[in-house]
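Have the viewer open and follow along.

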Amino acid sequence: MNLTNFIFFLFILFGTLIITYWAAKRGKTTHQFYSVSGSLTGVQNGLAIAGDYMSAASFLGITGAIALRGFDGFYYSIGFLVSYLLLLLLIAEPVRHLGTFTLGDVVFARFADRRVRILTSLSTIIISVLYMIPQLVAAGLLMQLLLGLEYGASVVIIGTLMTIYVVFGGMVATSWVQIIKTVLLMSGTFLISLIVLSRFDWSILQLAEAVKKATPFGNTFFMPGHLFDNPLETISLQLTLILGTAGLPHILIRFFTVKDAPAVRQSVITATWIIGLFYVMTMILGFGVVAFVGWDRLNSVDSSGNLAAPLLASTLGGDFLMAFISAVAFATILAVVTGLVISATSSVAHDIYNHTLRQGKASEQDQLKVARLTAAGIGLTAIILSLGLKNINVTFLVSLTFAVAASTHLPLLLFTLYWRRFNLQGAVTGMITGLMASLLLVLLGPNMMNPEYGWMRREALIPLFNPGILAIPIGFLGSFLGTILSGKSKLTGNYDRVLIRSQTGWKDQ
Amino acid sequence: MGILTLTLFERIGLIMIFAFMMTRIPSFRYLLDRELTLKTIIYHSLTFGLFGIMSVHVGILIIDGQLTEGHIWRFPLQENHMIIGSTLVAVVIAGLLGGPLVGLGSGLIVAVYVLFLGGESVWANSLVNPLSGLFAGFTARFFSEERVIAPAKALFIGMFTPILHMTLLLIFTDNPEHTIQIVNSFGVPLVVTNSIAIAIFTAMIRLALNEKEQEAALETRRALHIAEKSLPHLKQGFDFKTAMQMAQLLRDELKLPAVSLSNRSHVLAHIGIGSDHHKPGDKLNNVSSQEALKSGEIQVVNQSNQFICEHDHCSLRAAIIVPIRQSGDVTGLIHLYFKRPQQIRAVEIALAQGLGKLLSNQLDVVAAEKMKSLIQEAELRTIQAQINPHFLFNTLHSIATSIRSKPSLARHLIVQLGQFMRINLKLTSTSLIQLEKELDHLRAYLEIVKVRFSDQLTVHYEMDEDIRDVMIPPFTIQPLVENCIQHGLKDVEHGGEIWIRLSSENGKVKIMIQDNGRGIPNHIIGQLGNQLMESEKGNGVGIYNVNQRLIHSFGEQARLHFKNLSPGCVVTFRIPIDVQKGRESA
């Protein structure tokens with residue numbers, strides 16, 4: 001690691017730890033720990049949501065994908081962005097109105113049944129941990145490339161930091177780490193975009209011309225078809241991304257950190273604008289990579305494209321800019337994994353420990369103690385798993401996560417909020433079928449079964465890398481059939497009350 | 001890179017010296033409050049803008065991307081010259097302290113200057129200033145609710161403006177290769193030095209503000225402390241003795257050479273230097289004291305032509321004269337003496353002012369309290385003196401009916417009534433009487449009553465001999481007995497009995513009045529003695545009055561206790577034997 005890198009790295013470390021210290025000093029209640037006592041403003045929360053959501057995969061991966069594959073690289077962004085519309089219109093506000101700290105609260109508000117709370121909490125934990133591991137593994141590899149750290153050291157550093165943030169600072173530290181990351185990421189990409197454009201006299205058309213000449217795709221660079229050649233796969237991917245995002249627990253719990261419904265709307269709108277602008281900028285970055293770094297050079301250095309943005313920074317601004325962008329990437333990774341740790345932690349400590357083991361009667365101190373222990377435990381587990389999985393391709397876990405979220409949480413949430421006949425049996429069946437379907441389909445798909453590199457060396461039974469197009473309908477169908485086939489069940493919960501409360505925020509107690 | 005960083009730190013040191021001097025200017029410190037008006041925004045922008053322009057020249061001159069040593073003033077710069085350094089520090093501080101507008105304002109001032117200065121990459125060097133100011137202003141508002149941002153946060157925010165600067169250099173360059181080289185060699189040292197300088201500057205400002213606030217807090221605490229300590233003295237009024245104690249207290253607390261207290265015309269006490277010729281009883285004759293008495297305003301004597309003391313060798317050369325008001329009128333003066341006029345700072349004047357107000361308020365409070373208890377006592381006396389008119393009419397009626405048939409009884413009644421009324425009158429003028437006297441009064445009353453009730457009533461006395469002389473508030477036992485007769489024994493045809501037991505018990509006199517009547521209705525037993533009762537006979541204040549007087553004289557432990565027996569009821573209370581002492585401490 002050279003000195004420039006080291007100094008920037010230290011700055012990020014310093015800044016985030018200061019915030020954690022400050023967060024740890026402010027109030028020690030469960031409200032503060034899980035939800036910042038609902039004290040963030042809409043804009044702050046919007047920034048934090050964006051920080052929670054824009055992973056290193058978005059920043060580095062999509063820039064690389066655009067540089068290497070043209071328009072198809074941009075496809076990911078569209079899915080990511082559209083899902084926020086779904087969140088805004090159907091999910092965000094009701095979730096805020098019904099829950100306190102977790103998704104389990106939301107579902108419990110209708111069914112008041114411990115089993116469904118445990119199930120929701122389990123799927124939250126599964127999603128969080130499954131998502132955390134590829135993030136950590138990728139982070140380890142990236143830090144190895146960017147800062148020249150050992151893989152093991154990188155994973156341990158990032159893992160320890162995320163654990164420290166959550167253990168000491170809870171949601172307060174998490175939120176501010178995410179906000180800072182968003183500001184860093186947005187300003188970093190914005191400044192580099194400006195440099196790119198300044199080299200072409202501020203004309204996107206000139207830039208496009210240069211890109212056209214530099215890629216082997218020529219004019220077709222701006223058309224689809226260089227990454228996804230299977231239409232079914234493409235649709236499945238988009239469906240998974242759109243519907244999966246709307247069910248991601250670490251995004252949903254962010255809505256508990258603001259005080260009311262207008263602030264929730266404000267957060268979603270802010271987050272959408274930021275993420276949208278960010279993806280537009282990744283496009284300019286991607287073009288910049290082609291124009292300045294060169295398609296061939298990128299492909300030869302790193303065929304996955306992850307180093308595209310740092311290489312661009314290095315070409316445009318030397319070590320200084322490269323170090324800055326690496327620091328931004330470091331912050332990006334930190335913010336996302338920290339968000340995942342707090343989401344898993346609140347599920348374990350709030351849903352399972354407090355509400356299931358202690359019937360909701362645990363004292364504040366006990367809850368906080370368990371939450372801190374849980375966070376430490378989750379951090380440690382994630383570090384150990386990631387250290388062990390270094391040489392294994394874990395990217396499929398990302399698509400698995402989105403598939404699980406889309407096929408379990410989404411049907412559960414939508415039916416809970418909007419279907420009068422939905423009942424407990426439907427909820428449980430839907431969760432289980434959705435979860436099993438996602439796992440099974442990935443297991444039988446080309447991620448696992450591949451004649452060349454799969455865990456099982458044979459032709460895949462299901463030829464889809466992204467099984468969302470099958471798993472999601474199965475999840476919805478499971479919930480539907482579970483409800484219909486259980487006959488005239490009395491366990492439909494308190495639909496009218498839930499409807500009024502979820503739409504208006506009015507509480508009758 | 002290391003040498004460059006060190007050089008930059010040296011240069012920033014110069015700026016820091018200047019910054020330190022700025023934080024010493026009181027008006028600068030007062031202006032740091034966040035309430036911004038257009039005027040303060042302009043003032044701040046100008047101050048920090050000028051500061052920024054100075055910082056420009058303290059920077060390091062770069063010629064063709066190469067570091068040069070030593071230079072202080074060059075204007076304008078040549079095409080291939082550039083100055084880097086701590087220009088942004090001033091602008092960022094402006095933004096952090098004063099918000100986006102001040103940041104922008106001072107940034108614009110620096111930007112215009114840099115444009116005139118010229119040199120390499122002039123547009124980037126100029127533009128970075130207002131942008132940094134704005135950025136710092138917004139981030140400070142976003143991240144911090146403190147008045148002055150914490151140095152750690154400032155350090156973090158401070159690192160980004162050099163990055164912005166470097167990026168702007170890259171954006172506005174005609175020769176990317178050359179600029180990349182500059183950015184690579186100067187970027188990191190600038191990031192490090194600028195952010196540290198910004199952190200140190202904010203720490204300095206916080207320190208300066210803390211100093212100011214703590215000073216004020218200390219003075220406030222001192223004034224309150226004095227007021228609290230002087231309260232017991234003030235309670236006893238304003239005479240030679242208490243004035244001495246007060247003067248001693250003030251001199252000890254304020255650590256002054258001398259303090260004197262006076263009433264409107266004379267010195268009551270003088271403590272400290274000069275007590276050989278400043279003596280209690282001296283007349284107040286200097287002009288400033290008269291002025292203070294007349295205007296009621298605090299007077300500061302710190303001019304050489306005003307003499308606080310006409311004595312030739314007096315070393316007291318300055319004074320603050322604090323008028324003390326009571327109910328709006330100036331009733332006294334406190335002289336706080338100093339040896340030299342320079343010793344009187346604004347702090348001392350403010351303290352004296354506060355002290356004067358506090359003491360005046362304390363005096364008013366004491367006076368009000370005294371007034372209240374006087375009024376209370378007067379009220380009680382009036383009630384005491386009232387003989388229940390029904391009682392008087394009934395007695396007169398008894399006399400009238402017996403005057404022919406039983407003249408001796410009538411005579412007896414008249415004698416007893418006279419006795420009763422005489423004692424009544426006498427008791428009214430004292431606040432405590434001997435138990436014996438109270439019993440005489442009671443007996444006179446009972447003699448009259450017995451005539452009316454003839455054989456219906458028997459009264460038993462049991463009394464320890466040694467408590468005859470114990471002092472007791474007058475009219476305490478009689479109303480209780482009257483209550484027994486009027487309520488407890490009201491419907492008892494015959495065989496009504498009353499026991500009056502007086503005994504000493506653990507240094508207290510225990511007084512019990514018991515009857516064998518119908519007892520006290522449950523719904524009023526709790527309220528009895530605590531509030532006025534509705535009554536068709538009498539004025540309904542009897543028991544309440546007794547209870548309140550007992551509590552007022554001896555405290556809660558002397559209150560009346562009521563208990564129903566079967567039959568009848570008992571009232572008990574205890575008063576200390578050493579009554580005189582009990583009265584003092586109450």
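## Chain B at a glance

Chain B holds 19 helices and 15 strands. Keep in mind that this is a predicted model. Of the 586 residues in chain B, 39% are buried. If you take the contacts in chain B between residues at least 6 apart in sequence, 68% of them link residues at least 24 apart.

The mean pLDDT of chain B is 81, and 90% of its residues reach at least 70. Among the elements of chain B, helix H5 (residues 100-117) has the highest mean pLDDT, at 92, while helix H19 (residues 579-585) has the lowest, at 44. For the model as a whole, the scores are ipTM 0.86 and pTM 0.71.

Which stretch calls for caution, with pLDDT under 50? In chain B that is residues 581-586, for which the model has seven contacts beyond four places in sequence. Where pLDDT is low, the predicted coordinates should not be read in detail.

## The five-stranded sheet

Chain B has an open sheet of five strands, ordered S5-S4-S8-S7-S6, with antiparallel pairing. The edges belong to strand S5 (267-272) and strand S6 (299-301) of chain B; each has a single partner strand, so one side of each lacks a neighbour in the sheet. From one strand to the next, the twist averages 15 degrees.

Ala258(B) has Gly272(B) in S5(B) as its bridge partner. Helix H10 (residues 240-254) of chain B packs on this sheet, where it touches S4, S5 and strand S8 (329-338) of chain B. The direction of H10(B) makes about 35 degrees with that of S5(B). Another helix, H11 (residues 287-295) of chain B, lies across S6, strand S7 (318-326) and S8 of chain B, and runs at about 25 degrees to S7(B).

## Strands around S15

Now for S15(B), which pairs with two strands described here. Strand S13 (residues 508-515) of chain B and strand S15 (residues 569-576) of chain B are antiparallel and share eight bridges. Ile511(B) sits opposite Phe573(B) in S15(B).

Strand S14 (residues 561-564) of chain B also pairs with S15(B) in the antiparallel sense, this time over four bridges. Here Phe562(B) has Val571(B) in S15(B) as its bridge partner. The hairpin of S14(B) and S15(B) has four residues between the strands, and Gly568(B) takes a positive phi near 90 degrees in that hairpin.

## A covered helix, H16

How many of the twelve residues of H16(B) are buried? Eleven are, so this helix is mostly covered. Among the buried ones are Ile477(B), Leu480(B), Val481(B) and Ile485(B), and the list also includes Gln478(B), Glu482(B), Asn483(B) and His487(B). The cover over the buried residues of H16(B) includes helix H15 (435-453), strand S12 (496-505), S13, helix H18 (542-554) and S15 of chain B.

At 1.5 Å a residue, the twelve residues of helix H16 (residues 477-488) of chain B should span 16 Å, and the 15 Å between its end C-alpha atoms agrees with that.

Ala19(B) belongs to helix H1 (residues 2-24) of chain B. It counts as buried because 21 other C-beta atoms lie within 10 Å, and the cut-off is 20 or more. Setting aside neighbours within four places in sequence, Ala19(B) is in contact with Phe201(B) and Met204(B). Met204(B) is 185 residues away from Ala19(B) along the chain, yet their C-alpha atoms are separated by 8.5 Å.

Over in chain A, Phe476(A) is located in helix H18 (residues 468-485). Phe476(A) is buried, with 21 C-beta neighbours inside 10 Å.

## Where the chains meet

At the contact between the chains, 17 residues of chain A touch 17 residues of chain B. On the chain A side, helix H1 (3-25), helix H8 (151-198) and helix H14 (308-357) each supply at least two residues. H1(A) gives the most, with seven residues. By type, the chain A side divides into eleven nonpolar residues, five polar and one charged.

Note on methods: Residues are numbered from 1 along each chain as its sequence is written. Chains are lettered from A and ligands numbered from 1 in the order in which they are written. This is a predicted model: local features need pLDDT of at least 70, side-chain atom pairs count only at pLDDT 80 or more; totals for chains, interfaces and linings use all residues. Two strands pair if DSSP finds at least two bridges between them. Two residues are in contact if their C-beta atoms, placed from the backbone, lie within 7 Å. Ala, Val, Leu, Ile, Met, Phe, Trp, Tyr, Cys and Pro count as nonpolar, Asp, Glu, Lys and Arg as charged, and the others, Gly among them, as polar. Axes are lines fitted to C-alpha atoms, for helices over the stretch in contact, and angles run from 0 to 180 degrees between N-to-C directions. The expected span of a helix is 1.5 Å times one less than its number of residues. pLDDT is the predictor's confidence in each residue, from 0 to 100.
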